[in-house]
Amino acid sequence: MSLLSPWRADFPGILALEAEGQTYLDSAATAQKPQAMLDALLAYYSSGSANVHRAQHLPGERATRAFEACREQLGKWLNAQSSAHVIFTQGATSAFNLLAYGLEHLFQPGDELVISALEHHANLLPWQQLALRQNLKLVVLPLDTARRIDLEAASKLVGPRTRLLAVSQLSNVIGCWQPVAQLLALARAHDALTVVDGAQGAVHGRHDMQQLDCDFYVFSSHKIYGPDGVGVLYGKPEALAQLRHWQFGGEMVRDADYLDAAFNPAPLGFEAGTPPISSVIALGATLDYLNQLDHQAVTAFEQALHQQLMAGLAARDGITLLGQPNIALASFVVDGVHNADLAQLLTEQGIAVRAGQHCAMPLMKQLGLGGAIRVSLGLYNNGSDLERFFGALDNALDILR
Amino acid sequence: MTSPHPLSPGAAQALDAFQQAGSWEQRARLLMQWGEKLEPLSDSQRVEENRVHGCESQVWLVAEQVDQQWQFRAAGEARLIRGLLALLLVRVNGLDSQALAQLDLNDWFNQLGLARQLSPSRSNGLNAVLKRMRELASAA
């Protein structure tokens, strides 16, 4: 019996793509959206839009309430002490940049910033460029043979000069949970700030900020079935208090004169200009939708899909996995076949997977690969999506080998 | 189509073969066959200077003009892009600068049934190759 997602019908996008002959297996890049989110987006615009936090009029008040309701939901979703610890950004990338500029004043030349070898460019380049600007040392934690961050090496590399650790919870290439709790403990022992990249992890399971105990946690709305254009930056209150203001403009200012100004604290002080109001409201609808699902059922279903993916890849000759994926996705290469050729022939057959370097060029260079194919799953995928993928893979390899 | 730049015998042969291909599998096999015809570049030509950036796989393109006529040569790591390169070269080699500038290469790939290979989101690199080719030709 093929796996059937009980939630597939809630996602018009996946049904539309199926009707078009497209098998969508690229949810780690961006996810399809539930009808509830589309309804909320339309309802906001069609009932009269207004700016938030500014106007005293009724439409403005309504928009502000709906906007702030999403912040409340996120606070609960993350089990933050307060929703005031949640900042809306334009995306996860923009949240990392906010951190790299907002924390810059804390670092002295020679201080060390620690990342890992598997970071997405979004959690690498802002720190790399900060290190170059301020003459800091960027320390890159190596991976072990399973392509997890090597804890033994980390225990030697995280030290008294470490001022910040920024690591991914779940790699977008390797697809396995990283030992974040242990890494955070190492950093805390040296009073270093901690940043967790939850871009891939946030959609798989619920993450309790008080339990995780990181200083900052970052994820993007569009990968957890919400609209694009919104990122979420959670910060502990004492960590948020250390952030210098970064982008300047409307609504982030408390008092302005021609020659100087005073700024609001977090969260509003870090939300300069008109925020993505409709998207934030629609993200709230997505969270409502996700909240009413049976989380154990979702996790069990995603695991079953992932096992089907892993079994199918293991059953075929010449396939090498990148690391040991245990959730959400798997990346692989095929002996003697260029990933660009394979990607092209999968595309010809309506299979939407990701090929290439996955915004992790240094990792791919370290693995000695020019690219890889990545299959990634959402809660709306059926077992038949994977069956179609494997059929197409076999056809493509027949032609290419 | 009446063209001021008639097809070379090789291009006419390609057009004939691809127009008879009825399925994606046949087109893929043909592309790989054409890719095999690509004359290899030497190691000294497969260098950074000749690399075309913006391709998912590595591609190199070199150009020379002999008696006003362009002669391009190309290499690629992946087999299907090699086929696309061969189909490009068979159409453009031997043209002078003016003819090259006037040539509608979208139309050429469209006639071959390969128009989708030129869509902007494709990362196979054919678009990047065409751009590089025009830069090389206009810099001469």
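A:Gly75 sits in helix H3 of chain A, and that glycine is a handy place to start a tour of this predicted model. Chain A holds 14 helices and 15 strands, and 12 of its residues are in contact with 13 residues of chain B.

**Around A:Gly75**

- Leaving aside residues up to four places away in sequence, A:Gly75 touches A:Ala80, A:Ser82, A:Ser83, A:His85 and A:Val86.
- A:Glu387 is 312 residues away from A:Gly75 along the chain, and the C-alpha atoms of the two are separated by 39 Å.

**Helix H3 meets helix H10**

- In chain A, helix H3 (residues 58–77) and helix H10 (residues 277–291) have axes that come within 9 Å and cross at roughly 45°.
- That angle is why H3(A) is described as oblique to H10(A).
- The crossing of these two helices, H3(A) and H10(A), is left-handed.
- On the H3(A) side, the residues that meet H10(A) are A:Ala63, A:Ala66, A:Phe67, A:Ala69, A:Cys70, A:Gln73 and A:Trp77.
- On the H10(A) side, their partners are A:Ile277, A:Val280, A:Ile281, A:Leu283, A:Gly284 and A:Leu287.
- Sorted by class, the residues of this contact between H3(A) and H10(A) are eleven nonpolar, two polar and no charged.

**Loops with backbone features to look for**

- A cis peptide bond, with omega about 0°, joins A:Ala266 and A:Pro267.
- You can find A:Pro267 in the loop between strand E10 (261–263) and H10 of chain A.
- A:Asp191 has a positive phi of about 55°, although it is not a glycine.
- The loop that holds A:Asp191 runs between helix H7 (180–189) and strand E6 (193–197) of chain A.
- Is A:Asp191 buried or exposed? A:Asp191 counts as exposed, because it has 9 C-beta neighbours inside 10 Å.
- A:Tyr225 is a residue other than glycine with a positive phi, near 70°.
- Look for A:Tyr225 in the loop between strand E7 (216–220) and strand E8 (231–235) of chain A.
- A:Tyr225 has 28 C-beta neighbours inside 10 Å, so it counts as buried.

**Chain A as a whole**

- A compact globule of 401 residues would have a radius of gyration near 21 Å, so the 22 Å of chain A agrees with that.
- Taken along the principal axes, the C-alpha atoms of chain A fill a box of roughly 70 × 55 × 35 Å.
- Of the 401 residues in chain A, 50% are buried.
- Among contacts in chain A with a separation of 6 or more, 69% are between residues 24 or more positions apart.

**Where chain A touches chain B**

- The contact between the chains brings together twelve residues of chain A and 13 residues of chain B.
- Helix H12 (339–348), strand E14 (354–356) and helix H14 (383–400) of chain A each supply at least two residues of the side that touches chain B.
- Which element of chain A gives the most to that side? H12(A) does, with five residues.
- By class, the side of chain A that touches chain B has five nonpolar, five polar and two charged residues.

Note on methods
Residues numbered from 1 in each chain as written. Chains lettered and ligands numbered in written order. Predicted model: local features only at pLDDT ≥ 70, side-chain atom pairs only at ≥ 80, totals over all residues. Contact = placed C-beta atoms within 7 Å. Helix = DSSP H or I, 4+ residues; strand = E, 2+ residues; numbered from the N terminus. Nonpolar A, V, L, I, M, F, W, Y, C, P; charged D, E, K, R; others polar. Axes fitted to C-alpha atoms, helices over the stretch in contact; angles between N-to-C directions. Parallel < 35°, antiparallel > 145°, perpendicular 65-115°, else oblique. Left-handed = near helix turned anticlockwise from the far one by under 90°. Buried ≥ 20, exposed ≤ 12 C-beta atoms within 10 Å, placed from the backbone. Rg over C-alpha atoms; globule rule 2.2 N^0.38 Å.
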